[in-house]
Amino acid sequence: MGPFWRSAPLALHLPAHGRGRALAPALERLLRQPPGSWDLPELPGFGGPLEPEGTVAEAQRRAAALLGAERCWFGVNGASGLLQAALLAICPPGSQVLLPRNLHRSLLHGCVLGGLEPLLFDLPSDPITGLWLPLEAQRLERVLAAAVTSGADPVAALVLVDPTYQGLVADLPALVALAHRAGLPVLVDQAHGGGEALAAGADLVVLSVQKSGTGLAQSAALLAQGDRVAPAAIERALLWLQTSSPSALLLASSWAALEHAVSVAGVRQRHRAEARAARLRQRLEALGLPLVANGDPLRLVLATAPLGINGLEADAWLLQRGLIAELPEPGALTFCLGLNPPGGLERRLPRLLQDLCRAIGGEPLPPFTPPPLPLLAAPELPIGVAWRSPAEAVPLERAAGRVAAAPICPYPPGIPLLVPGERIDPARADWLLVQQRLWPGQIADTVSVVVGS
Ligand SMILES: Cc1ncc(COP(=O)(O)O)c(C=O)c1O
């Protein structure tokens with residue numbers, strides 16, 4: 001049985017079309033057709049993402065032009081599938097790839113599939129909320145300098161996540177320029193963004209069209225520009241990973257949402273939503289509720305730790321009262337308002353958050369300790385080898401010294417706290433024990449380690 005709500009739930013989660021309220025008009029029209037009539041194969045004249053001609057090819061060409069890219073491929077397996085294809089396109093087998101510690105797990109899976117070595121770089125984190133903070137140029141300079149001396153295998157690319165799930169943004173032009181100066185192509189995971197990384201000079205950009213646009217779940221787009229990555233390499237990787245029967249509905253959703261976003265109606269819709277969000281933010285702040293400053297007006301991030309509340313507990317409490325948030329974390333709770341926020345939002349959210357504070361609030365939580373990670377580290381055992389090695393489960397208390405055979409990865413956000421192949425040193429084991437208490441129900445008592453490690 002699900003939770004009991006006296007009124008309709010206040011749904012502040014993704015997809016950003018808000019349970020259909022903000023669907024692109026073309027997609028809405030399509031969905032009103034007789035059910036199933038839109039479920040087409042790659043018919044001649046319609047084609048698919050890898051066909052040079054047809055409706056899909058034409059839509060991809062127009063989407064690229066609208067977003068300022070040279071090429072665009074729609075995806076039907078979310079940003080996850082396109083991130084993996086992008087990774088395999090830029091990184092030859094055996095190469096190293098620079099990945100931020102706040103990477104989405106799909107990129108780790110891409111490393112396994114492509115036989116790549118993740119070179120994980122540490123990021124700053126906020127002691128008050130525990131959130132990863134955007135990468136600064138000075139830190140990237142140090143990372144790049146360290147990467148040169150990191151190992152025998154060549155570094156093939158830099159991957160950045162921007163904006164973060166919580167809408168935090170870095171100075172992308174500066175970061176991309178530094179990577180290019182070091183001779184590295186840049187892939188930006190903009191699952192939570194709208195393609196701004198192209199103007200910053202990124203070579204490849206992956207969008208999740210349902211997270212910051214109005215597409216259906218799983219619709220996504222890969223954008224490319226410049227001559228650092230050959231389109232043929234991208235198409236080859238897509239061929240490896242993509243279904244041979246891409247859903248026409250999801251392809252239509254990608255196109256309809258991207259086109260709508262830049263249309264007059266789409267821009268007006270976003271402005272209306274952002275204006276409502278800005279007024280709501282002001283009202284919540286006036287009530288003394290601490291919100292994280294971010295770059296996405298449609299993501300409200302409540303800093304729960306200063307209120308004395310773990311974000312996962314806040315989420316469970318609110319869920320019981322009909323408010324569905326998007327992303328609970330130990331120090332924060334993120335609400336995605338979507339492109340047509342639900343009616344009653346302005347009345348219900350402030351009241352529920354005040355009730356939350358009264359019911360379970362208290363003294364601010366102690367500051368979050370950053371993970372004890374070096375600036376740059378590669379797993380000791382190749383990730384694909386470690387993940388497929390004979391493994392045994394050991395209590396976290398006894399994990400120090402062992403090599404991880406599986407990730408520890410609370411979901412959402414899907415950011416691994418431990419990567420297969422990493423040796424768990426005592427400081428990391430202690431930190432993971434703290435994390436286990438901070439993510440109730442999300443981290444098991446045992447960790448999977450490589451037998452004999
Ligand atoms: C930063 C980031 N990248 C990629 C993804 C994967 O997106 P999708 O679920 O569309 O595959 C997510 C999902 O939450 C994400 O947060």
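Leucine 258 is buried, with a relative accessible area of 9%. The model that shows this is a predicted one. Leucine 258 belongs to helix 9, which covers residues 248-262. What does leucine 258 touch, once residues up to four places away in sequence are set aside? The list is Ala63, Leu67, Phe74, Leu207, Val209 and Ala221. Glycine 194 is 64 residues from leucine 258 in sequence, yet their C-alpha atoms are 9.0 Å apart in space.

Now turn to proline 390. Is proline 390 buried or exposed? Its relative accessibility is 60%, so proline 390 counts as exposed. It is found in the loop between helix 13 (383-387) and strand 14. Leaving aside neighbours within four places in sequence, proline 390 is in contact with Val449, Val450 and Val451. Proline 390 and leucine 172 are 218 residues apart in sequence, and 41 Å separates their C-alpha atoms.

Step back to the whole protein. It has 14 helices and 15 strands. Along the principal axes, the C-alpha trace spans about 60 × 55 × 40 Å. How does the radius of gyration fit a compact globule? For 453 residues, such a globule would have a value near 22 Å; the protein has 22 Å, so the two agree. Buried residues make up 55% of the 453 residues. The accessible surface comes to about 18700 Å², and 56% of that surface belongs to carbon and sulfur atoms. Of the contacts between residues at least 6 apart in sequence, 69% join residues at least 24 apart.

Charged side chains come next. Side chains of opposite charge can pair when their charged atoms come close. How many salt bridges does the structure hold? The count is 15. One of them joins glutamate 422 and arginine 101, with the closest N and O atoms 2.9 Å apart. Glutamate 422 lies in the loop between strand 14 (391-395) and helix 14 (426-438), while arginine 101 lies in the loop between strand 3 (96-100) and helix 4 (105-114), so the pair ties together parts that are 321 residues apart in sequence. Both glutamate 422 and arginine 101 are buried.

Other bridges have other surroundings. Glutamate 28 and arginine 32 meet through their side chains, at 3.2 Å from N to O. Glutamate 28 is partly exposed, with a relative accessible area of 31%. Arginine 32 is exposed, at 61%. A further bridge links arginine 139 and glutamate 136, at 3.6 Å from N to O. Here arginine 139 counts as buried, because its relative accessibility is 15% and the limit for buried is under 20%. Glutamate 136 is partly exposed, at 34%. There is also a network of salt bridges, which links Glu53, Glu58 and Arg61.

What about the aromatic rings? The count of aromatic pairs is 0. A ring does meet a charge, however. The charged end of arginine 321 sits over the ring of tryptophan 317, 3.8 Å from the centre of that ring.

The backbone has its own points of interest. Most residues other than glycine have a negative phi, and most peptide bonds are trans. Which peptide bond involving aspartate 162 is cis? It is the bond from aspartate 162 to proline 163, with omega near -5°. Proline 163 lies in the loop between strand 5 (155-161) and helix 6 (172-181). The bond from proline 412 to proline 413 is cis as well, with omega near 10°. Proline 413 is placed in the loop between strand 14 and helix 14.

Arginine 19 is not a glycine, but its phi is near 55°. This residue is found in the loop between strand 1 (10-11) and helix 1 (25-31). Arginine 19 is exposed, with a relative accessible area of 54%. Glutamine 218 has a positive phi of about 85°, although it is not a glycine. Its place is in the loop between strand 7 (204-208) and strand 8 (220-224). At 41% relative accessibility, glutamine 218 counts as partly exposed.

Technical notes:
Residues are numbered from 1 along each chain as its sequence is written. This is a predicted model: local features need pLDDT of at least 70, side-chain atom pairs count only at pLDDT 80 or more; totals for chains, interfaces and linings use all residues. Side-chain values use heavy atoms; hydrogens and water are left out. Rings of Phe, Tyr and Trp (its six-membered ring) pair if their centres lie within 6.5 Å; planes under 30 degrees apart count as stacked, over 60 as edge-to-face and the rest as tilted. A charge sits over a ring if NZ of Lys or CZ of Arg is within 6 Å of the ring centre and within 35 degrees of the ring normal. Helices (H or I, at least four residues) and strands (E, at least two) are DSSP runs, numbered from the N terminus. The radius of gyration is taken over C-alpha atoms; the globule rule is 2.2 Å times the number of residues to the power 0.38. Buried means under 20% relative accessible area, exposed over 50%, partly exposed in between (1.4 Å probe, protein chains only). Contact means heavy atoms within 4.5 Å. Accessible areas come from the Shrake-Rupley method with a 1.4 Å probe; for residues, only the protein chains shown count as cover. A salt bridge is a side-chain nitrogen of Lys or Arg within 4 Å of a carboxyl oxygen of Asp or Glu.
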